[in-house]
Amino acid sequence: MSTDSSDIKQRAEAIGLTKLTDKHLAQLAKATQSAAQRKQQLTVDLEIADEPSHIFRAKGE
Amino acid sequence: MTDLHYLSMAEASALLRDKKLSPVEYTQALLDRIDRLDTQLDAFLKLTPDIALADAKRAEDEIQKGDWRGPMHGMPYGLKDIIDHEGLPTTGHSKILEDNVAKNDAPVAAKLRAAGGVLMGKLSTHEFAIGGPCFDLPWPPARNPWNRNHHPGGSSSGSGSAVAAGMLPAALGTDTGGSVRNPASMCGIVGMKATYGRTSRRGVLPLSFSLDHIGPMTRTVRDNAMLLNVIAGHDPRDPGSADVAVPDYTAGIDDGVKGLKIGIIRHFYTKDEQADPEMAQSIEDAAGVLEGLGAEVREIQVEPLQVYAACNRTILLSEAYAIHEKWLQERPEDYGDRTRERLLGGAFIRAADYVNATRMKRKLIDGFHAAMDGLDAVLTVSSMEPACEIDDDDKVDLTYPRQARAPFNVTGDPALAVPTGFSASGLPLAMQIVGRPFEEAMLYRVAQAYEDATDWTSRRPPVD
């Protein structure tokens with residue numbers, strides 16, 4: 001994902017973040033880059049039917 | 001008698017019950033200490049002396065009449081300022097909620113009130129339990145009583161600081177990626193993140209619905225078990241609350257560790273991350289103490305720390321962004337710098353990545369429980385190093401990814417932070433003891449045996 005300054009401003013505005021200053025946009029770019037790096041560490045293999053961890057659990061499960 | 005301010009809950013409750021200590025006298029002694037120390041430590045956002053003295057007077061009258069409600073009766077405590085107490089501000093340490101007044105008690109606060117506790121005030125937190133320490137908020141960050149130039153840990157920073165400094169015997173914190181256990185570790189006290197669903201989260205500002213926990217923070221293991229006894233229990237109005245019977249966590253606490261099988265996860269702090277040598281050695285020493293008491297300790301392997309961390313942060317930031325989106329759109333300037341940057345990290349996480357992180361969470365839970373097969377508890381590190389200086393931004397930012405607490409927010413298993421000594425520079429060291437769901441009593445049993453064999457929880461910070 002690009003974190004180029006004009007691109008990040010456009011992307012921010014598209015999701016309603018219209019009041020971010022240049023400093024805030026730089027923070028958004030940095031945080032977005034960190035999130036992308038973190039994604040690389042989500043390395044657990046998933047089978048097609050692996051379900052999310054639901055909050056509700058049957059009694060005794 | 002020990003100085004009133006360093007009485008354990010167990011000691012104080014016995015004196016209160018036996019009418020050898022007046023709740024009003026005890027409360028006033030702590031209010032005087034807070035008045036003297038908190039100008040240096042900034043642990044409290046709002047002190048509530050009128051409420052405290054009224055609660056204490058009521059407790060005194062009831063105890064005098066023979067109506068002792070239990071170990072919390074007449075006991076001072078504090079609440080992290082994301083937990084509602086009717087009629088008091090719940091600010092989240094944020095300008096955004098500066099004028100927010102709670103309409104009701106959170107169930108955990110109501111339980112403390114019903115047990116006869118004495119509310120002393122609302123405690124400093126990282127902003128919305130995620131952004132801190134920040135120096136650009138309406139209130140300063142809390143300081144570490146072992147060295148006020150150092151970070152007390154967070155996000156339940158005021159709770160850690162106040163309990164360690166003898167301003168309170170007990171406080172509640174919250175924990176989404178380690179926020180009870182980090183300040184407990186950095187301030188040299190005991191902090192429990194109980195099983196997900198063990199304590200009600202209702203009436204507490206949310207950070208991540210899937211990962212939020214409420215937990216007790218105290219100076220001793222027994223006190224922690226006593227406080228969990230009060231706040232644990234099913235809340236049908238909290239959709240994450242578990243309908244599981246609550247045992248007496250102090251029963252069996254003195255049974256020792258002889259014959260117990262305890263795992264140790266070394267790769268978190270020797271391979272996945274390299275812990276500070278003093279911190280790593282303190283975990284080895286603790287394992288040696290438990291072996292000396294008759295436990296069998298063996299090393300186990302689980303997924304690398306980074307996998308748990310990535311899962312935790314992906315879920316946490318996605319959910320936190322959803323919670324804060326409106327304010328980030330309308331009032332971004334009202335957040336502290338560090339908070340804003342952390343929350344914005346959730347803006348562009350794709351829905352598929354969030355869902356896959358929740359799917360991985362389930363696999364990580366199953367994998368951890370398989371690794372615990374045949375074991376009673378597991379030891380590992382909490383923080384990779386002692387508290388850094390509070391104004392060293394680079395080091396503060398590094399402490400968040402370099403920790404081993406988030407795995408147990410992912411698994412939802414109970415995890416207890418316990419002091420394991422002090423660095424050469426005089427700062428606390430700590431470990432975690434982790435267990436199976438709803439087996440908090442086993443963690444207290446292991447921790448009590450370790451505490452009895454060491455003297456770490458009896459040391460006091462240089463604040464007097």
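**View 1. Strands β2(B) and β3(B) pair in the parallel sense, with five bridges between them.** The model shown here and in the other views is predicted. Within this pair, B:Gly78 sits opposite B:Gly121 of β3(B). Strand β2(B) is mostly covered. Five of its five residues are buried.

**View 2. The strands of chain B include an open sheet of 11 strands with mixed pairing.** The strand order is β1-β3-β2-β4-β6-β5-β10-β11-β9-β7-β8. Strands β1 (44–47) and β8 (296–299) of chain B stand at the edges. Each has a single partner strand, so one side of each lacks a neighbour in the sheet. From one strand to the next, the twist averages 30 degrees.

**View 3. Helix α5 (residues 157–164) of chain B packs on the sheet.** The strands of chain B that α5 touches are β1, β2 (76–80), β3 (118–123), β4 (170–175) and β6 (213–218). The direction of helix α5 makes about 155 degrees with that of β4(B).

**View 4. Helix α9 (residues 277–292) of chain B lies across another set of strands, β7 (261–264), β8, β9 (377–381), β10 and β11 of chain B.** Helix α9 runs at about 55 degrees to β11(B).

**View 5. Strands β10 (residues 415–422) and β11 (residues 428–434) of chain B run antiparallel and are joined by seven bridges.** B:Val418 has B:Met431 in β11(B) as its bridge partner. For B:Ala415, the partner in β11(B) is B:Val434.

View 6. B:Met192 stands opposite B:Leu416 in β10(B). Strand β10(B) is mostly covered, with seven of its eight residues buried.

**View 7. Helices α7 (residues 221–231) and α15 (residues 440–453) of chain B have axes that come within 9 Å.** The axes cross at roughly 160 degrees. An angle over 145 degrees counts as roughly antiparallel, so α7(B) is roughly antiparallel to α15(B). The crossing of α7(B) past α15(B) is left-handed. From α7(B), the residues that meet the partner helix are B:Val221, B:Arg222, B:Asn224, B:Ala225 and B:Leu228. From α15(B), they are B:Glu440, B:Tyr444, B:Ala447, B:Gln448 and B:Glu451. The residues of this contact divide into five nonpolar, two polar and three charged.

**View 8. At the interface between the chains, 34 residues of chain B are in contact with 28 residues of chain A.** On the chain B side, the elements that give two or more residues are α10 (305–330), α11 (337–344) and α12 (351–371). Helix α12(B) gives the most, with 12 residues. By type, the residues on this side of chain B divide into 16 nonpolar, eight polar and 10 charged.

**View 9. Helix α11(B) is largely enclosed by the rest of the structure, because seven of its eight residues are buried.** The buried residues are B:Arg338, B:Thr339, B:Arg340, B:Glu341, B:Arg342, B:Leu343 and B:Leu344. Their cover includes an element from each chain: α2 (22–39) of chain A and α10 of chain B.

**View 10. Residue B:Tyr6 lies in the segment before α1 (9–17) of chain B.** B:Tyr6 has 16 C-beta neighbours inside 10 Å, so it counts as partly exposed. A residue is buried at 20 or more such neighbours and exposed at 12 or fewer. Leaving aside neighbours within four places in sequence, B:Tyr6 is in contact with B:Gly166 and B:Arg460. B:Tyr6 and B:Ser383 are 377 residues apart in sequence. Their C-alpha atoms are 26 Å apart in space.

Conventions. Residues are numbered from 1 along each chain as its sequence is written. Chains are lettered from A and ligands numbered from 1 in the order in which they are written. This is a predicted model: local features need pLDDT of at least 70, side-chain atom pairs count only at pLDDT 80 or more; totals for chains, interfaces and linings use all residues. Axes are lines fitted to C-alpha atoms, for helices over the stretch in contact, and angles run from 0 to 180 degrees between N-to-C directions. Helices (H or I, at least four residues) and strands (E, at least two) are DSSP runs, numbered from the N terminus. Angles under 35 degrees count as roughly parallel, over 145 as roughly antiparallel, 65 to 115 as roughly perpendicular and the rest as oblique. A crossing is left-handed if the near helix is turned anticlockwise from the far one by less than a right angle, and right-handed if clockwise. Two residues are in contact if their C-beta atoms, placed from the backbone, lie within 7 Å. Ala, Val, Leu, Ile, Met, Phe, Trp, Tyr, Cys and Pro count as nonpolar, Asp, Glu, Lys and Arg as charged, and the others, Gly among them, as polar. Two strands pair if DSSP finds at least two bridges between them.
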